[in-house]
Amino acid sequence: MPATHPSPTSAGKTPQSQVRHSQTRPLLMVLVCTLIGAAAQVLIKMGTASLGEHPSMMATMVGIFTIRLLFAGYALYGISTVLLVLALRQGELSLLYPVFTLTYVWVTVLSVIIFHDSMNAFKLAGISTIIAGVAVLGRASRQ
Amino acid sequence: MTTSVASTPISSMIWVIAGSVIGSFGAVFLKMGAERLQLNLRSLATNWRLVVGIVFYLLSSVLFVIGVKHGELSVLYPLVSVGSIWTLLWSKLFLGEDLTKPKFVAVGMILAGCVLLGLGGS
């Protein structure tokens with residue numbers, strides 16, 4: 001019996017801890033996550049305007065289901081979470097989580113395009129520095 | 001740029017920082033759950049680590065919505081990105097991952113980038 005039915009924990013854990021997977025694929029998956037996450041955040045930011053000045057925790061929770069923009073935003077959040085979990089199956093958390101910050105880069109770019117926010121030297125420097133930081137992780141993922 | 005800092009209440013910052021801490025723990029549970037992920041209903045339903053991870057993740061998003069409602073995104077983003085530091089710590093402590101030099105360098109650069117983004121905020 002034990003030979004044919006390994007326990008769920010060992011079945012799930014052994015391949016992970018023994019084999020060191022390439023981190024490139026999980027990294028690319030998280031990259032897609034950040035794009036979806038940025039779209040989600042823009043929708044949520046647009047949706048929170050409908051919540052009024054001082055929304056209670058309850059009003060916010062209900063709003064997620066009743067305000068179309070908020071709902072769409074959280075639905076996209078859901079999709080990006082599923083992708084994140086799939087990426088984490090083989091990827092290292094300490095490598096993938098910092099990549100998530102790319103979301104802010106996309107949000108900044110989207111804000112310039114959609115909300116006509118100004119682009120300035122600080123924002124450009126910030127975007128470049130974050131992308132360079134992610135590139136460092138990208139290089140590390142191949143070693 | 002100083003006006004955006006002044007117009008962001010302390011309470012918003014606290015909501016967002018709390019969200020980043022909870023979110024970083026959520027990420028650890030998601031990772032532990034993902035490692036045990038098998039695509040059948042029974043194991044999905046009994047994967048409590050995944051459930052805890054998702055609940056923490058949702059909770060951090062709700063805190064984030066509350067924080068962002070009254071503050072400037074440009075001030076709050078650098079605070080959220082501090083979550084990367086917590087997550088590096090937890091990855092070492094709870095998951096036994098190697099903290100290599102590129103990871104520290106990258107997180108340092110990313111934090112600096114977020115501060116710059118904040119300074120450039122309208």
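Helix axes are lines fitted to C-alpha atoms over the stretch in contact, and angles run from 0 to 180 degrees between N-to-C directions. Helices are DSSP runs (H or I, at least four residues), numbered from the N terminus. The model is predicted: local features need pLDDT of at least 70, side-chain atom pairs count only at pLDDT 80 or more, and totals for chains, interfaces and linings use all residues. Residues are numbered from 1 along each chain as its sequence is written, and chains are lettered from A and ligands numbered from 1 in the order in which they are written.

In chain A, the axes of H2 (residues 24-48) and H6 (residues 102-114) come within 8 Å and cross at roughly 45 degrees. Contact here means C-beta atoms, placed from the backbone, within 7 Å. H2(A) contributes A:Leu31, A:Thr34, A:Leu35, A:Gly37, A:Ala38, A:Gln41 and A:Val42. H6(A) contributes A:Leu102, A:Thr103, A:Trp106, A:Val107, A:Leu110 and A:Ile114.

H2(A) is mostly covered, with 18 of its 25 residues buried (20 or more other C-beta atoms within 10 Å of a residue's own). At 1.5 Å a residue, H2(A) should span 36 Å, and its end C-alpha atoms are 36 Å apart, which agrees. The expected span is 1.5 Å times one less than the number of residues.

Between the chains, the contact takes 44 residues from chain B and 42 residues from chain A. On the chain B side, H7(B) gives the most, with 13 residues.

Note on methods. Helix = DSSP H or I, 4+ residues; strand = E, 2+ residues; numbered from the N terminus. Contact = placed C-beta atoms within 7 Å. Buried ≥ 20, exposed ≤ 12 C-beta atoms within 10 Å, placed from the backbone.
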